[in-house]
Amino acid sequence: MARLLVTIGSIFLTLLGVSVVIFVILRLVPGDPISMMLPPGATDEVRANLERLYGLDKSIPAQYVIWLRNVAWLDFGMSTQFRLPVMEIILDRLPATLELVLLASLIALALAFAFSVLAVWLQVDSATLAIDGLAGLAQAIPDFLWALIFILAVTLFAPMMPISGRFDPRTAQDFATNFYLLESLVTFRIDAFAELARYAVLPALALGLPLAAGITRVLKGALEEAMAQDYVMLAQTKGKSRLAIVLGEALRNAMIPTIALTSVQLTFLIGGTVLIERQFSWPGIGSTAISAVINRDLPLIQGIVLVFALIFILINLASNELYRAADPRLRTVR
Amino acid sequence: MSSVESFSLEKGRGGGGTGLERSTERITLLRMVFGCAAIGALLTAALFAPWIAPHDPTLDDLFLINMPPAWLNDDLAYFGIESAWAYPLGTDSLGRDVASRLIYGARLAMIVGVSVACLAALAGVTLGALAGFYGGWIDNVISRIVDVWLSFPPVLLSIILVAMLGTTLTSVIIVVAVIDWTRFARVVRADVLQQRSRDYIDAARIAGGSDLSILIREVLPNVLPLLVTLFFFEIGIAITVETILSFVSLSVSSGAATWGDMIAEGRRVINEAWWVMAFPVGALVITILGLNAMGDALRFYLDPVLRK
């Protein structure tokens, strides 16, 4: 119970730190949002009114206190670029980002699973080296570059493959939620799902490849370690095939340390959405963040940075807990 | 597990194990060679750009727009040039020579990469070593700062900071270093923490060494192999981030010969002239792989424990 309180306290402390840093940085940015909103030839009076409307006429500490008080009520202010509440914009675009992250994680898991089981099952030097090499390559090249490589490859060899957006803008999307992929899957609209997946697969693959490599390295090591245990010998004497042992016995034991060690890498994947979304014109909060910076939309940047920070902190905490749960020796240590 | 069983297991895997080790060693050597070649080419291009580059990288020529690479260029009459090899990698949408821009881009990439890696290493090693060596409140404060740093999406933070500091070479270098010092700090802190409890530290203390001399003479040499690897990685990361900033048109003023600017421009004209984007992307991939290979291989040769 006490540990839970400390954990929650530390989340708030880190978020507070993030909010102070971002608030101060943003107030030092040259270029002011009001000038971007004013029509040419606007009077000083109009300008003063707008500054008062967005609270920019007060000192920085006063602005921060007002902002923090509003955030406590989940009010992140108005976006100067869209003239809509920041919260509304984030809620509107977060689903697209979450779907991309989910798909990328699934792709990463599937690839890592296939390659590490293959390596441990075959137990051939050449296969092991090839898979290590592939993993090294996938991990060394950042997601931003994978995206560029895919865009190039598609343009040259598969021009029918979409590289921009979330769906064909000529078709109407009649979904009840903003989780298009999930909704089409749950409601069994397979055609719509396949069409949406075609748009999502390349950005998701670019995001997921480095993570896939990270998981492969850990999972392969854990499987090899599990295969050297006594119960594997027992299963072998019972006459089980090597593949059956890898899938049936070793995988179960290798899974938990793998999840514990790699879940923290999920933050890299989520941070990567900022650029990948921009590269593929994916309408999530990442691409929105970049346009917010370019348009000096301070309230929107603050809101999005806080959302990212919260997600990062929660993932770090979850991965610490998983790590603790996976290794009984750590449970007694504080 | 009894010793008999573990012996039989070792034996069972023994044949493959040593073969794998030998292959790993050979691959490490190959990667070292590849790394040297890539870094050598990069340094040559960076240092001697004015002598190697066939053209002025910023000179546009409206008669030579989107000209394909030499080996694909079969329309010399249309462009009105004598030999296609005058523009070996073609031209971009303003008629600028792609090869020359690539070579001058290497110069900028190298300046950014090495400066950032030096700055980030300096800050990260200092703070990480202090935190790991002294522990207590110093460690608490530094670790808390690292926590806050790691809660920002790094790309977004760098974009915000560059928007704030302006798009000059110096500000790009400072921004990337300010964001990436935590990479060094975390690794060095963990390593120093581990080394601190070793016997040789006590021995050095009994011999009358001061904190600073123990830290610099005894602890840091043990952290060095890891630092070298990290340093090479960081050069690659910094070059990538600079490219990313250019890509969202926030780096060194647009129009300068940087790989990121070429990639951003190439992305716009990809359907008319794929080579404008393909060559800088290829250069970036080879650079990053070369730096990674070099870092890994050096660590392998510098670290006696890893080599065993």
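Biologist: Is A:Leu137 buried, partly exposed or exposed?

Modeller: Keep in mind that this is a predicted model. The idea is to look at relative accessibility: under 20% is buried, over 50% is exposed, and partly exposed lies in between. A:Leu137 has 34% relative accessibility, so it counts as partly exposed. You'll find A:Leu137 in helix α6 of chain A.

Biologist: How does B:Tyr78 count on that scale?

Modeller: B:Tyr78 counts as exposed because its relative accessibility is 62%. Look for it in helix α2 of chain B, residues 76-79.

Biologist: Back to chain A, then. Which residues form the nonpolar patch on the surface?

Modeller: For a patch, we look for nonpolar side chains within 5 Å of each other, on residues with over 30% relative accessible area. Here the patch is made of A:Phe115, A:Leu118, A:Trp121, A:Leu122, A:Val124, A:Leu134 and A:Leu137, and together they have about 550 Å² of accessible area.

Biologist: Which helices each supply at least two residues of that patch?

Modeller: Those are α5 (86-122) and α6 (125-140) of chain A. The largest share, four residues, comes from α5(A).

Biologist: Now the overall fold. How many helices and strands does chain B have?

Modeller: Count eleven helices and zero strands. Chain B is also more spread out than a compact globule, because its radius of gyration is 24 Å, well over the 19 Å that the globule rule gives for 308 residues. Along its principal axes, the C-alpha trace of chain B spans about 80 × 55 × 35 Å.

Biologist: What share of the residues of chain B count as buried?

Modeller: Of its 308 residues, 51% do.

Biologist: Which residues of chain A does B:Ile160 touch?

Modeller: Among them are A:Ile22, A:Leu26 and A:Val305.

Biologist: One last thing: how far apart in space are B:Tyr78 and B:Leu230?

Modeller: From C-alpha to C-alpha they are 50 Å apart, and in sequence they are 152 residues apart.

Terms used: Residues numbered from 1 in each chain as written. Chains lettered and ligands numbered in written order. Predicted model: local features only at pLDDT ≥ 70, side-chain atom pairs only at ≥ 80, totals over all residues. Heavy atoms only, no water. Patch = residues over 30% accessible without salt bridge, like charges linked within 9 Å, V, L, I, M, F, W, Y side chains within 5 Å. Areas by Shrake-Rupley, 256 points an atom, 1.4 Å probe, with all protein chains shown as cover. Salt bridge = Lys/Arg side-chain N within 4 Å of Asp/Glu carboxyl O. Buried < 20%, exposed > 50% of the residue type's maximum accessible area, 1.4 Å probe, protein only. Rg over C-alpha atoms; globule rule 2.2 N^0.38 Å. Contact = heavy atoms within 4.5 Å. Lists of a residue's contacts leave out its neighbours within four places in sequence.
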